[in-house]
Amino acid sequence: MKDDKILEVFLQKKNIGPMWPELVIRDRTEESVVNPSLDDVNAEDLIDDPEKDKPPCNVQELEDCDIFPEDSSSLMRFDGETMKPTHVVNLGSHQFLFAVDVSPSEMPCFCVRHDVDALVWQPRPTQPDNMWEHIATFNALGYVQASKRDKKFATCAPNFSYAALGECLRRVFIYRQPSPVDTVLFNRKQGKKVGQVAKQQVASLDSNDTVLGFRATNERLFVLTSRNLFVLRVNN
């Protein structure tokens with residue numbers, strides 16, 4: 001009890017990971033405050049460096065997409081008979097995003113981040129000179145997905161008409177490929193005519209259960225929870 005007016009309750013998360021989207025179910029009056037005790041702390045007080053007056057970069061200009069992944073990964077091809085790697089490629093900063101089946105006759109594709117975009121590659125094991133073929137691009141998806149802290153699933157349609165991100169609870173984000181516009185639009189900053197626009201949609205599931213599965217077809221997006229299977233119509 002504080003000042004005989006405010007009751008402070010401290011709760012500790014059992015499972016470390018995703019942020020709590022809410023504390024009391026369906027309570028829209030809540031407010032989330034991150035580390036309120038650090039509001040009055042100056043960044044210089046946290047750095048014990050004789051050259052602290054010359055920081056290597058301006059931390060205020062950094063965004064989630066600028067953070068280098070903690071885990072490194074490599075792309076490897078193994079020989080089916082010797083079971084030894086024949087090709088090894090260090091992905092470096094090209095973060096792996098997801099894998100997707102686009103054709104029953106082909107190996108699953110994989111999507112990696114390239115700068116701010118997301119590139120989809122199709123393995124071609126029978127073509128040694130062109131073993132990984134670039135077949136699709138989702139503009140700015142690499143940048144966008146980095147800002148989704150509660151992202152649990154990522155996928156795309158087999159025809160690459162859209163990509164989708166799913167959070168641990170409730171929200172689903174759909175990013176469509178650019179399509180022609182019927183009206184005349186201009187980019188005010190560049191002064192150029194805009195011929196295509198990429199649309200984004202957000203779906204909020206009527207459920208508080210954890211999302212367990214995520215699958216996309218060309219027309220529908222299937223989202224599985226512990227008690228329901230939601231089917232979102234993306235394309236007709």
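Two strands are taken to pair if DSSP finds at least two bridges between them, and strands (E, at least two residues) are themselves DSSP runs, numbered from the N terminus. The structure described here is a predicted model, in which local features need pLDDT of at least 70 and side-chain atom pairs count only at pLDDT 80 or more, whereas totals for chains, interfaces and linings use all residues. Residues are numbered from 1 along each chain as its sequence is written, and side-chain values use heavy atoms, with hydrogens and water left out.

By the pairing criterion, an open sheet of 4 strands is found, with the order β3-β4-β5-β6 and antiparallel pairing. Its edges are formed by β3 (96-100) and β6 (132-138), each of which pairs on one side only. From one strand to the next the twist averages 30°, the angle being taken between N-to-C directions, on a scale from 0 to 180 degrees, of lines fitted to C-alpha atoms. Within this sheet, β4 and β5 are joined in the antiparallel sense over 5 bridges, and His114 stands opposite Asp117 in β5.

Asp115 is located in the loop between β4 (109-114) and β5 (117-123). Most residues other than glycine have a negative phi. Asp115, however, has a positive phi, near 60°. With a relative accessibility of 60%, Asp115 counts as exposed; the term denotes over 50% relative accessible area, while buried denotes under 20% and partly exposed the range in between (1.4 Å probe, protein chains only). A positive phi of about 60° is also found at Met83, which is not a glycine. Met83 is placed in the loop between β1 (74-78) and β2 (85-90), and its relative accessibility of 58% makes it exposed.

Pro180 is positioned opposite Gln196 in β11. The two strands β10 and β11 form a hairpin with 4 residues between them, and Gly191 in the turn has a positive phi of about 70°.

The structure contains 1 aromatic pair, where rings of Phe, Tyr and Trp (its six-membered ring) are paired if their centres lie within 6.5 Å, and planes under 30 degrees apart count as stacked, over 60 as edge-to-face and the rest as tilted. The pair consists of Phe153 and Phe214, which are stacked at 5.8 Å centre to centre with 15° between the planes. Because Phe153 belongs to strand β7 (residues 151-156) and Phe214 to strand β13 (residues 211-216), the pair ties together parts that are 61 residues apart in sequence. Both Phe153 and Phe214 are buried.

Strand β7 also contains Thr155, which is buried at 8% relative accessibility. Beyond its neighbours within four places in sequence, Thr155 is in contact with residues including Phe98, Val100, Phe214 and Leu221, contact meaning heavy atoms within 4.5 Å.

A disulfide is defined as a pair of cysteine sulfur atoms within 2.5 Å, and by this rule the count is 0. For Cys109, which is in no disulfide, the nearest cysteine sulfur is that of Cys156, 7.6 Å away. The sulfur of Cys111 lies 6.7 Å from the closest cysteine sulfur, in Cys156, and is therefore too far for a bond. Cys109 is buried at 1% relative accessibility, and Cys111 is buried at 0%.
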